[in-house]
Structure formats: structure tokens, C-alpha cells
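Have the structure open while you read.

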Amino acid sequence: MVNSPHGGVLKDLIARDEPISAKLREEAASLPDIVLTERQLCDLELITNGGFSPLEGFLNEKDYVNVVENLRLADGTLFPIPVNLDLSKEDIERLKIAPGSRIALRDPRDDEALAIITVEDIYTPDRVKEAINVFGADDPAHPSVAYLRNRVKEFYVGGKVQAIQAPAHFDYVALRYTPAELRSHFKKLAWRKVVAFQTRNPMHRAHRELTVRAARKRQANVLIHPVVGLTKPGDVDHYTRVRVYEAIMKKYPNGLGHLALLPLAMRMAGPREAVWHSIIRKNYGATHFIVGRDHAGPGKNSAGKDFYGPYDAQDLVIKYHDELQIEMVPFQQMTYLPSTDEYQPVDEVPKGVQTLDISGTELRKRLRTGAPIPDWFSYEEVVKVLRESYPPRNKQGFVIFLTGLHNSGKDTIARALQTVLHQQGGRSVSLLLGETVRQELSSELGFSAEDRHKNVQRIAYVAGELTRAGAAVIAAPIAPHERSREAAKQHVLQSGGAGGNFFLVHVATPLEHCEATDRKGLYARARAGEIKGFTGVDDVYENPDNADLTVDVTRQTVPEIVHSIILLLETNALL
């Protein structure tokens, strides 16, 4: 018999509101609306399909404060992660949002109305307290703390929602189950015990052995339940991972396992997240849940130490066992024994017996360099999928981002580098000069700080798309502000896939030289007041302190500079 939902009732708002969905859709057309962020979209999907039961909306202030301080809703129900609808002051004023307002919530991908929220309250969160209590520290090295600081808006809006429709998905539709659908599937197959396995990484032989052992020991079946919403920046994209999961499911004994996708926006909150994951899997019908060492941990903090202890997550799940009503299965570290061609738990291997392991870092290195990956570690079908998505370094795209003053020589360097890369061959080479982009993509923008930022982000977007496809991209805007350069870098790193290779080159030619050799006379016009906001005259250029390479045309020739960039690429195995 599948597990009962958290709180006793599955809050399937899609099913509950289906009889009035047409009426709600008609109402939504006349309501003020909010276009959700990607995280809010993931949260709303799990609110409306019951994955976040007993929630029926975004947390009001009383619930929020209790969750942050006590891991509980205001009524005492265990719930460890705050699920909030954050809005800006501008949105609240523009839409005249107040308690009692009804607001349509729209999908950012297709603008479809998904739900209507009835506002209970609007409140200002204590973000420092939220970071410390939920994530363990107010440390921007934690991806969710960085998100909280940089992307979460200043106000939270609480209130229950009425569901109009579920978000539309066009990928892996057959693998996307709601809690009700998965529960029905388990019932049809007469699965009485279900061990759920959470992952945001590709799976290999050790994971298969671990999950099969867990199921056999408990006379249960296995639910492979990977996250396909927001995960840790830099993770393998979900398209690649799902192809890996599909390949590895064929290696399970017939009828033992099932694959279903979870549209969760992870917070990487370690112990609290493990409790949250347990609640979610309970809502999906699982009776057992595998909790790993450093479960949902984000890695190292600013001091170079792990954010959480290796067993903190398991300890917290055990602490709330009676309320969770789902059995925790400790993740056993598996190792390969070549003498018997099998995997065994590390703590069960006799002393003196040879073992073999490949770390995640070593695996990424082998994928990057094209080195062989032994069949004892992974399956041929899995390695093939990974190699298709993550080609060797010399086949990956990259971005050379040249920044410097007008007439610093960056455009000349960019054109020369393009010529050399064309000569070498092996990749398409794209050139994004500042003036060209201004004319073709940003002609409506001025030269205010915000317009300059938008221009650089457009360049980053185009560069990310090109490098993901394996191209070499040379971008050469002035990009005078550190905020814009860092945002461009992060966009390429996060959206470039295997091509997320970004190199910042500061063309540090002195202002005096740039001005003295300016044949267009732009500096002179700026000093005469004819051009406003000109970088180097009446707008500051913030020198990068984190450039991968710093060059200067008054000290080096263009060929020497190009050669230094080529050496930088060769050092990183990209040529």
C-alpha cells in the first residue's frame, strides 16, 4: 500500500479546481497578472499537483516565520523550506496589490494563466535570518544565498491559489507524473513498498547496484525520481541526464524499477532539504527514501569547508522520522571489486581486497579529454550519451570577452584573433564587436548605466547560444562596469553547456594613448560636451581585477597579444 500524503490529504489543486477551471481562466483574462520566474514556476507546479502537500499556496508571513524558525507551518505541520512568491515594490505598486487582491500567475514560457492567487498578506522577509536558518550561513558561496541576495525581490506575497491548468511540457512527457498519477501507477502494479532515489547527477553502475540492493533488502521496488527543475549551477543539463536515466533503466531487473521526473527547484539546503525531499517523495507515494552523505549539499563555503557535515541530513531525517512516516534508507558508499567483478558497500569489503573507484572530478576530466571510461564504472550506453553532450575540450565552444576603452585596440585584436582561429579550423568563429552589436541588436539603447548593462547581457545571450553549439565566440564591447561583465560571465557559464568556457581579456591600453590616436575624434567631442556619458571622460571604466589575461597595445604588438590568447586557449586544452 502506497504511503499516505503529508498532512493526510493530497492537495491536488488541479483536480480540485478542474470543474471551475474554465471560469477561472475567463476571470484571469481580466485580472492583473504576474509572470513567474523559473523557480516560482517550479514551485507553483508542485503546489498545484500536490507535491508540496499540505501547501495550498505560497506562504503567508505567519507560516514563513514558523518555517524559517521552527521547520513548521503555523499549524505545527512539519515543513522545512519556505516556498515564497517574491515580488518587487514596483510590481506591487503598479498592480495595486493588497490583501484581498486576486492576481493571475502566468507561465514565463508561453504566457498562459496557470493559477489565481488570492492575496492574504504582503510582507518584508528577513533575508539574513532566512539564509542563516535555512541554509546554515549568510554566505554567497551557497547558490541559494546568492540567489536570495541577488535575484529574490524585496517583498513576499502570501496566499492560497486556485489552479487553472498545469504548466505545459514538451520534453519527456511520458515520464512526468503528478503525485496522483504515480500513486495510481503503483496501485495498478501492486507495489506495496517503494524505495525512492533522489538524484541531480548522471547515474552509473554504482548507483544501479545501490538502488537494487536497497530494494532487495526491503522486498520493495525502486522509484528513480530525478530532479529536472532548477538544480545547482554547473550541473549536467536535464536533457542529457534523462537520456542517461533511460539508458540505465534497461539494466534493472524487469519490473523492479520505474523512472519518473520531478519538476523541483532545489535549494541545496542540505539537512532541511533532505526532510523536504522526504515529504515530497511521501506525497508521491514512496514508503522509503534514500538519503545520501551530504545530501543536497552545495559544496564548499567561502572558507573552503563543506557547508554541512556528511551525516547532518541523515540525522535530521531520523529526528523527524515519526512525523515524516517514511523510512530513511542510508546511502551506502559503493566500491568496485575487480577480483569478483562486482560492487560492494565500502564498509563490507574485507581488508586487503583491491578496490577501484572513479571520482566525479576524474570522470569529468575523462569526458573533457576523451580518455577512456572503463565498463566497470559505467555502461557503454551511458558513456555514449555523456560524450555526445560533453565532447572533448578541443571540440567545445568558448568565449573570449575583450573589454577596454574605446580605441584601446580591442577591435583590432578581435579581428586578428578571428583570422587566426579561422586559419586553425575545427570550429566556426563568431565575432561580436561592440559597434556592430549596437547597430544590429541594441540600436534603441542609449549609454546610461542600465542601457550599457542591457547591451552587454544581449551580447552574453548570443555568445552563450553560439558557444553551446561548439563555436568560438570573440566578443569585444567596452563593458565598463564590473557588474555587467560578471553577469555576462555567469550567463555563459550557466547556459553554455559544454561550451561554458569564458575568458576575460582586459585590453588595458592607457587612456592617454586611446585618446591621442582616436582618428574618429570621439574623445574630443566628449570633452567638448557634445557626447554625454562617454567612457573614460565623464563615465568611469572599472578596471577588472579578475581578468584571465591583461594586455596593452603600447607594450605588445597585436600578433603578440593574439599569440598570448592562443596560448591561454591551449593551456586550457581548447586548441
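Thr-37 sits in the loop between strand S1 (33-35) and H3. This is a predicted model, and in it Thr-37 is partly exposed, because its relative accessible area is 25%. Ala-296 is 259 residues away from Thr-37 along the chain, and the C-alpha atoms of the two are separated by 22 Å.

What does the backbone nitrogen of Thr-37 lie 3.0 Å from? That would be a polar atom of the side chain of Gln-40. Gln-40 itself belongs to helix H3, and with a relative accessible area of 2% it is buried. Setting aside neighbours within four places in sequence, Gln-40 is in contact with Phe-58, Asn-84, Leu-85 and Asp-86.

**The cores**

Phe-58 turns up again in the largest nonpolar core, which has 76 residues. Phe-58 is among the residues with the most contacts inside that core, along with Phe-52, Leu-105, Val-161 and Leu-264. As background, nonpolar side chains in soluble globular proteins tend to be buried together.

**Rings**

How many aromatic pairs are there? The count comes to 12. Two of these pairs make a handy contrast in geometry, shown here.

| Pair | Centre distance | Plane angle | Type |
|---|---|---|---|
| Phe-52 and Phe-79 | 6.3 Å | 80° | edge-to-face |
| Phe-307 and Tyr-308 | 6.2 Å | 45° | tilted |

The Phe-52 and Phe-79 pair links distant parts of the chain, 27 residues apart. Phe-52 is in the loop between H3 and S2, while Phe-79 is in the loop between helix H4 (61-70) and strand S3 (85-87). Phe-52 counts as buried, because its relative accessibility is 0%, and Phe-79 is likewise buried, with a relative accessible area of 0%. In the other pair, Phe-307 and Tyr-308 are both buried. Elsewhere, Tyr-336, Tyr-343, Trp-376 and Phe-377 form one aromatic cluster.

Arg-39 has its charged end over the ring of Tyr-147, 3.9 Å from the ring centre. The charged end of Arg-485 sits over the ring of Tyr-541, 5.5 Å from its centre.

**Around Thr-403**

Arg-485 and Tyr-541 both show up in the list of residues that Thr-403 touches. Thr-403 is in strand S14 (residues 398-404). Is Thr-403 buried or exposed? Its relative accessible area is 0%, so Thr-403 is buried. A polar atom of the Thr-403 side chain lies 2.7 Å from the backbone oxygen of Ile-478. Ignoring residues up to four places away in sequence, Thr-403 also touches, among others, Lys-410, Pro-477, Ala-479, Leu-504, Val-505, His-506, Val-507 and Pro-544.

Most residues other than glycine have a negative phi, and most peptide bonds are trans. That makes a few spots worth a look. Ser-53 and Pro-54 are joined by a cis peptide bond, with omega about 15°. Pro-54 is placed in the loop between helix H3 (38-48) and strand S2 (57-58).

With a relative accessible area of 45%, Asp-111 is partly exposed. Tyr-172 also isn't a glycine, yet its phi is positive, at about 50°. Tyr-172 lies in the loop between strand S6 (155-163) and helix H8 (179-189).

**Cysteines**

How many disulfides does a search of the whole structure find? The answer is zero. As for individual cysteines, Cys-42 counts as buried at 8% relative accessibility, and Cys-514 is buried with a relative accessible area of 0%.

How values were computed. Residues are numbered from 1 along each chain as its sequence is written. This is a predicted model: local features need pLDDT of at least 70, side-chain atom pairs count only at pLDDT 80 or more; totals for chains, interfaces and linings use all residues. Side-chain values use heavy atoms; hydrogens and water are left out. A nonpolar core is a set of buried Ala, Val, Leu, Ile, Met, Phe, Trp, Tyr and Cys residues joined through side-chain atoms within 4.5 Å. Buried means under 20% relative accessible area, exposed over 50%, partly exposed in between (1.4 Å probe, protein chains only). Helices (H or I, at least four residues) and strands (E, at least two) are DSSP runs, numbered from the N terminus. Rings of Phe, Tyr and Trp (its six-membered ring) pair if their centres lie within 6.5 Å; planes under 30 degrees apart count as stacked, over 60 as edge-to-face and the rest as tilted. A charge sits over a ring if NZ of Lys or CZ of Arg is within 6 Å of the ring centre and within 35 degrees of the ring normal. A disulfide is a pair of cysteine sulfur atoms within 2.5 Å. A polar contact is a pair of N or O atoms within 3.5 Å; within protein, one must be able to donate a hydrogen and the other to accept it, and residues adjacent in sequence count only if both atoms are side-chain atoms. Contact means heavy atoms within 4.5 Å.
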